[in-house]
Amino acid sequence: MSTSVSVYVLRRVLSMLLMLLLLSLIVFLLFNVLPGDPARLTCGKACTPEIIEANRHRLGLDMPVIAQYWEFLKGLFVGRTYAANSPDPVQCSAPCLGYSFKRHAEVSQLIKDGLPCTMWLALGSFIIWMVVGIGLGVYTALRRGRWQDKSVLGVALIGYSLPSFFIGILAMFFIVIKWHLLPYPRYVPPTEDLSKFLQTMILPWIVLAILYAAFYIRLTRSQMLETLNEDYIRTARSKGLPDRTVIRKHALRAGLTPIVTSAGLDLAGLLGGAVFIEAIFSLPGIGSLALGSVTDSDLPVIVGVTLVAAVFVIVANLVVDVLYAVIDPRVRPS
């Protein structure tokens, strides 16, 4: 790695850390300082002033705002103890994203339990939509104006127009309930039973991939058409290079920059939880955790999921920026 690239990466990492710090402050203020009483949200139906005050002490909300934020930051690195002076203190180990008194569990552990399911959902659908999207995008670009191009674009437009939850409900009703082509989804880790894992995940993968593949078909086609008109592409063809080499090594590589940007951010967004798909197919991922937390007004879990989802996006943005110079030789760090 050259010196300029190393300096660029270091600068981007430092800016990412600053963004993460600002993000933690914004999320903390958003959920703890804006109007509303988090202590009341955690007391359930049988609310009394005594219970609310006890909850406020357990959550550390009786401290000044600056002290609350400092305890929040400190908990991320060294852990935190809730209600330390009470007879029944609660220890939250680092990285402590909070403690759910409704679920009686650390938020970081709840996210850790849901992350594998969400990760498999995101990665599986990502592979499908990238292969289909880029492949058909190149195919339609090389057949611009023909019936193949118009047919694929028409289908892609329909797929892009339909919301994922609508496609998911239709797939669930017809494929699982009515036609019994797949068993009712019940998530198991791939290390436990690979066959059941694939039977459960294949339909959510396809449903998510339909929406994203439709977008990447149009994006890849647009980039390919723009790149194929460049002078260096005509020069490469005039030298007698095979079309496969021109398309793969020159046209596609030069047009990958916006595709990589969108792919990185889309994947990061899915790692933060595909709420509707996980709910429809009963997947115990981060999206289902977030949905349940909103329903139960479980504020610490909402804060933790929000932070983790945002971290995925920021880190993905950093990775995409660093990959630019590798994918496209015309891009140089400055």
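**Figure 1. Contacts of Thr118 in the predicted model.** Leaving aside neighbours within four places in sequence, Thr118 is in contact with Leu270, Leu271, Gly273, Glu278, Gly285, Ile286 and Gly287. The model shown here, and in each view below, is predicted. Thr118 belongs to helix α5. Its relative accessible area is 0%. Buried means under 20%, so Thr118 counts as buried.

**Figure 2. Helix α5 against helix α11.** Two packed helices are described by the angle between their axes and the distance between the axes. The axes of α5 and α11 come within 9 Å and cross at roughly 155°. Angles over 145 degrees count as roughly antiparallel, and α5 is therefore roughly antiparallel to α11. The crossing is right-handed. From α5, the contact takes in Leu115, Thr118, Met119, Ala122, Leu123, Ser125, Phe126, Trp129, Met130 and Ile134. From α11 come Ile259, Ala263, Asp266, Leu267, Leu270 and Leu271. Sorted by class, the residues of this contact are 13 nonpolar, two polar and one charged.

**Figure 3. Helix α7 against helix α8.** The axes of α7 and α8 are 9 Å apart, and the helices pack at an angle of about 145°. This crossing is right-handed. On the α7 side, the contact is made by Ser164, Ile167, Gly168, Ala171, Met172, Ile175 and Val176. On the α8 side, Leu203, Val207, Ile210 and Leu211 take part. Nine of the contact residues are nonpolar and two are polar, with no charged residue.

**Figure 4. The largest nonpolar core.** In soluble globular proteins, nonpolar side chains tend to be buried together. The largest nonpolar core here has 44 residues. Which members touch the most others? They are Leu121, Trp129, Tyr216, Met224 and Phe281. Two or more residues come from each of α5 (107–142), α7 (164–178), α8 (194–228), α9 (231–238), α10 (243–254), α11 (256–271) and α12 (275–280). Helix α8 gives the most, with 14 residues.

**Figure 5. Met224 and its partners.** Met224 is among the members of the largest nonpolar core that touch the most other members. Its contacts, leaving aside neighbours within four places in sequence, are Val138, Ala141, Ile247, Ala251 and Leu252.

**Figure 6. Leu318 and the second core.** A second, separate core holds 24 residues, among them Met16, Leu73, Val305 and Leu318. Leu318 sits in helix α14 (residues 299–327). It is buried, at a relative accessible area of 11%. Not counting residues up to four places away in sequence, Leu318 touches Arg12, Val13 and Met16. Phe101 lies 217 residues from Leu318 along the chain, and the C-alpha atoms of the two are separated by 35 Å.

**Figure 7. Positive phi in two loops.** His180 has phi near 55°, a positive value in a residue other than glycine. His180 lies in the loop between α7 and α8. Is His180 buried or exposed? It is exposed, with a relative accessible area of 61%. Ser282 also has a positive phi, of about 55°, although it is not a glycine. Ser282 is placed in the loop between α12 and α13. At 38% relative accessibility, Ser282 counts as partly exposed.

Figure 8. Helix α13 spans residues 286–296. Its buried residues are Ile286, Gly287, Leu289, Ala290, Gly292 and Ser293. Ile286 and Gly287 are also contacts of Thr118. Just after α13, Ser297 takes a positive phi of about 55°.

Figure 9. The bond from Ala94 to Pro95 is cis, with omega near -5°. Pro95 lies in the loop between β2 (90–92) and β3 (99–100).

**Figure 10. Whole-protein context for the close-ups.** The protein has 14 helices and four strands. Its C-alpha atoms fill a box of roughly 80 × 60 × 40 Å along the principal axes. Of its 334 residues, 43% count as buried. Among contacts between residues at least 6 apart in sequence, 64% join residues at least 24 apart.

Terms used
Residues numbered from 1 in each chain as written. Predicted model: local features only at pLDDT ≥ 70, side-chain atom pairs only at ≥ 80, totals over all residues. Heavy atoms only, no water. Core = buried A, V, L, I, M, F, W, Y, C linked by side-chain atoms within 4.5 Å. Buried < 20%, exposed > 50% of the residue type's maximum accessible area, 1.4 Å probe, protein only. Contact = heavy atoms within 4.5 Å. Axes fitted to C-alpha atoms, helices over the stretch in contact; angles between N-to-C directions. Parallel < 35°, antiparallel > 145°, perpendicular 65-115°, else oblique. Left-handed = near helix turned anticlockwise from the far one by under 90°. Nonpolar A, V, L, I, M, F, W, Y, C, P; charged D, E, K, R; others polar.
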